[in-house]
Amino acid sequence: MDEITDGVNNMNLAVDSQKKNRIQVSNTKKPLFFYVNLAKRYMQQYNDVQLSALGMAIATVVTVAEILKNNGFAVEKKIMTSTVDIKDDSRGRPVQKAKIEITLAKSEKFDELMAAANEEKEAAEAQVQN
C-alpha cells in the first residue's frame, strides 16, 4: 500500500514540475526574442522547457524552437500536436483550434554558450560606461 502512495505522490510532483517550465506563447503580446530569452532562463533553471501555443501562435513557437536549436542552445525532446475545443462567445459553440507543444532540453554546449553571451554583455556594458 505504501508503494502505491509513493507512486501517486511522485506522479503529482512530476505533473507540478511539468507546469512550472511551460511557456504559453502568444503571437500578439510579446516580441519573438522575449520568448527566446525566457526559454533560455527556463532551461537554466529546469534543464528543459515546454513551449506551447494555439492557432496562429504556432508559427511563433516553431520559430523560437528553431532559433534555440540553430544557435546550439537546445535539442528537441518531444513535439506534440493536437486540437482543442475553445468556446467562441460570439458563435455560442465550440471552435477547434490547433495546439502544439514542443519540449526542448539544454544542449551539451548550453552552459558554455550562456557564459560566452554573459561575457559579451558585460564587455559591452563596460564600454558604455567608459
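1. A pocket, on a 1 Å grid over the protein atoms alone, is an open set of points with protein on both sides within 12 Å along at least five of seven lines, whereas a cavity is a set of points where a 1.4 Å probe fits but cannot get out. Lining residues have an atom within 4 Å of a point. Grid points are joined across faces, edges and corners, and a volume is the space filled by probe spheres set on the points. On these terms, the largest pocket holds about 240 Å³ of space.

2. The structure is a predicted model, in which local features need pLDDT of at least 70 and side-chain atom pairs count only at pLDDT 80 or more, while totals for chains, interfaces and linings use all residues. Residues are numbered from 1 along each chain as its sequence is written, and side-chain values use heavy atoms, with hydrogens and water left out.

3. Four helices and four strands make up the secondary structure of the chain; helices (H or I, at least four residues) and strands (E, at least two) are DSSP runs, numbered from the N terminus. Along the sequence the pattern is α-β-α-β-α-β-β-α. Of the 130 residues in the chain, 28% are buried, where buried means under 20% relative accessible area, exposed over 50%, and partly exposed in between (1.4 Å probe, protein chains only).

4. Contact denotes heavy atoms within 4.5 Å. Among contacts between residues at least 6 apart in sequence, 68% join residues at least 24 apart. The chain exposes about 9,200 Å², and carbon and sulfur atoms supply 50% of that area; accessible areas come from the Shrake-Rupley method with a 1.4 Å probe, and for residues only the protein chains shown count as cover.

5. The lining of the largest pocket comprises Asn37, Lys40, Arg41, Gln44, Met114, Ala117, Asn118 and Lys121. H2 and helix H4 (110-129) are the elements that give two or more residues to this lining. By class, two lining residues are nonpolar, three polar and three charged; Ala, Val, Leu, Ile, Met, Phe, Trp, Tyr, Cys and Pro count as nonpolar, Asp, Glu, Lys and Arg as charged, and the others, Gly among them, as polar.

6. Helix H3 (residues 58-70) contains 13 residues and spans 18 Å from its first C-alpha to its last, close to the 18 Å expected at 1.5 Å a residue. The expected span is 1.5 Å times one less than the number of residues. Buried residues in H3 are Ile58, Thr60, Val61, Val64, Ala65, Ile67 and Leu68. Their cover includes helix H2 (32-46), strand S2 (48-54), strand S3 (74-88) and strand S4 (93-106). Just after H3, Gly72 adopts a positive phi of about 85°.

7. Val64 of helix H3 counts as buried because its relative accessible area is 0%. Leaving aside residues up to four places away in sequence, Val64 touches Leu32, Tyr35, Val36 and Leu51. Val64 and Leu32 are 32 residues apart in sequence, with their C-alpha atoms 7.0 Å apart in space.

8. Asp48 in S2 is classed as buried because its relative accessibility is 16%. Beyond its neighbours within four places in sequence, Asp48 is in contact with Asn21, Tyr42, Met43, Lys77, Thr103, Leu104 and Ala105. Ser52, also placed in strand S2, is buried at 6% relative accessibility. With residues up to four places away in sequence not counted, Ser52 touches Arg22, Ile23, Gln24, Val25, Val61, Lys99, Ile100 and Glu101.

9. Asn47 occupies the loop between H2 and S2. Its phi is near 75°, a positive value in a residue other than glycine. Most residues other than glycine have a negative phi. At 45% relative accessibility, Asn47 is partly exposed.

10. Ala105 belongs to strand S4 and is buried, with a relative accessible area of 13%. Not counting residues up to four places away in sequence, Ala105 touches Met43, Asn47, Asp48, Phe73, Ala74, Val75 and Lys77. A distance of 6.5 Å separates the C-alpha atoms of Ala105 and Val49, which are 56 residues apart along the chain.

11. Thr81 in strand S3 is exposed, with a relative accessible area of 63%. Leaving aside neighbours within four places in sequence, Thr81 is in contact with Lys99 and Ile100. Thr81 and Lys99 lie 18 residues apart in sequence and 5.6 Å apart in space, C-alpha to C-alpha.
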